[in-house]
Amino acid sequence: MINIKRILCPTDLSTSSEQALRYALALAAAHHAELILCHRPDARELSRKTSKSQAIADALAQGNSIPTFERALLKFLPPDVLEKLNWSGLLLEGDHVGEAIAEAASECAADLIVMRSRRRPHRAALLGSAAESVCRTAPCPVLVTHTDERDWVQPLTRTISLQRVLVPYDFSDYSEVALNYALLFARECQAELHLLHVLPPQTMNAPEIAIYQKQREVAYHNATRRLKSTVPADANLSGSIKHALSEGQPYREILNYAEKHEIDLISIGAHGAGFGMRALFGSNVDRVLRQAPCPVLVARPLKPAFAENLAREVAAAETNPERLAAR
């Protein structure tokens with residue numbers, strides 16, 4: 001069973017990261033989860049003589065990050081609501097922001113990371129981004145938002161209006177993890193669930209065209225049958241389930257389907273057949289992150305180190321029932 005009890009939201013404390021914070025606040029309210037804000041100031045930021053950098057410098061010197069983060073939260077919450085919010089602030093250290101975020105998620109046993117990605121130019125795509133780095137190394141799922149996308153968190157009320165969730169499903173264990181998170185969101189929001197399986201592009205090099213057509217039909221019908229039996233009968237979904245098959249490059253088919261069907265959220269496995277993360281020129285996951293018309297949830301199982309930290313936390317809480325219940 002999936003429980004989202006701690007949400008980590010990296011922020012650079014600028015207006016550009018407010019969208020991710022708005023999503024994190026909405027999800028924290030929906031799941032009654034603790035919200036943990038984190039920020040890693042760089043040397044240039046601390047050297048500027050601005051009120052923001054001075055506040056961060058003071059926070060670092062005093063070991064207190066609360067005043068800095070409060071200003072960001074007050075843009076979305078009135079003071080009386082903020083007082084009731086279960087949240088904390090964390091200042092990160094380290095040379096690489098992606099690694100620092102992943103390490104913070106492991107240390108605080110986060111169940112979900114919500115962060116913003118900048119649309120990088122194609123010529124810089126090989127260098128990667130902080131969001132892509134976090135998606136590769138995080139010990140938990142990562143929800144990535146960006147500025148130019150289909151929005152499903154209302155700006156004023158922060159209510160969630162998710163209508164369609166897409167799962168690129170390749171029958172691997174990792175796509176099964178993505179499906180489980182998609183089911184969670186679809187149940188809570190009474191949203192449609194779309195399952196898409198992408199067949200590899202066929203070639204015309206078969207000895208006989210009749211053999212090629214027959215093999216293609218067999219692969220199509222087998223995938224259709226397996227796809228329709230993917231969602232368990234007791235899934236308790238209020239929305240409908242859509243099954244789709246296509247043929248070609250996975251990332252292109254995913255993006256085309258999301259655009260055509262006005263998908264609000266793509267839930268994709270971090271690894272798996274056809275969705276590997278180590279391709280030389282960027283994986284399908286990376287390409288979907290950079291070009292998707294909606295937020296992307298990169299779902300992944302807990303890493304061993306993260307599971308060990310969680311086990312130690314539970315063991316330490318056995319003598320403190322209130323702490324155990326909070327987790």
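Reply: The largest nonpolar core has 51 residues, and those with the most contacts inside it are Ile7, Leu21, Leu35, Val114, Leu143 and Leu193. A nonpolar core here is a set of buried Ala, Val, Leu, Ile, Met, Phe, Trp, Tyr and Cys residues joined through side-chain atoms within 4.5 Å, where buried means under 20% relative accessible area, exposed over 50%, and partly exposed in between, with a 1.4 Å probe and protein chains only. Helix α8 (residues 173-189) supplies the largest share of this core, 10 residues. A second, separate core of 39 residues includes Ile101, Leu166, Val288 and Leu289. In soluble globular proteins, nonpolar side chains tend to be buried together.

Before going further, please keep in mind that this is a predicted model, in which local features need pLDDT of at least 70 and side-chain atom pairs count only at pLDDT 80 or more, while totals for chains, interfaces and linings use all residues. Residues are numbered from 1 along each chain as its sequence is written, and side-chain values use heavy atoms, with hydrogens and water left out. Helices (H or I, at least four residues) and strands (E, at least two) are DSSP runs numbered from the N terminus.

After the helix comes Gln190, in the loop between α8 and β7, with a positive phi of about 55° although it is not a glycine. Gln190 counts as exposed because its relative accessibility is 58%.

Turning to the strands, β5 (residues 142-145) points Val142 and Val144 one way and Leu143 and Thr145 the other way, and all of them are buried. In a regular strand the side chains alternate between the two faces of the sheet. Strands β4 and β5 pair in the parallel sense over four bridges, pairing being called when DSSP finds at least two bridges between two strands, and Met115 stands opposite Val144 in β5. With β10 (residues 296-299), by contrast, β5 pairs in the antiparallel sense over three bridges, and Val142 stands opposite Val298 there. Strand β10 is itself covered on both faces, with Val296 and Val298 on one side and Leu297 and Ala299 on the other, all buried. β9 and β10 pair in the parallel sense over four bridges, with Ile266 opposite Val296.

Val114, one of the residues with the most contacts inside the largest core, touches Ile7, Leu8, Cys9, Pro10, Ala20, Tyr23, Ala24, Leu27 and Leu143, not counting residues up to four places away in sequence. The loop between α6 (97-107) and β4 (112-116) holds Asp111, which counts as buried because its relative accessibility is 10%; the side chain of Asp111 reaches the backbone nitrogen of Lys5 at 2.8 Å. Ala109 counts as buried because its relative accessibility is 3%.

As for the cysteines, a disulfide is taken as a pair of cysteine sulfur atoms within 2.5 Å, and by this rule the count comes to zero. Cys140 is in no disulfide, and the nearest cysteine sulfur, that of Cys108, is 7.9 Å away. Cys140 counts as buried because its relative accessibility is 0%, and Cys294 counts as buried because its relative accessibility is 0%.

Notes: A polar contact is a pair of N or O atoms within 3.5 Å; within protein, one must be able to donate a hydrogen and the other to accept it, and residues adjacent in sequence count only if both atoms are side-chain atoms. Contact means heavy atoms within 4.5 Å.
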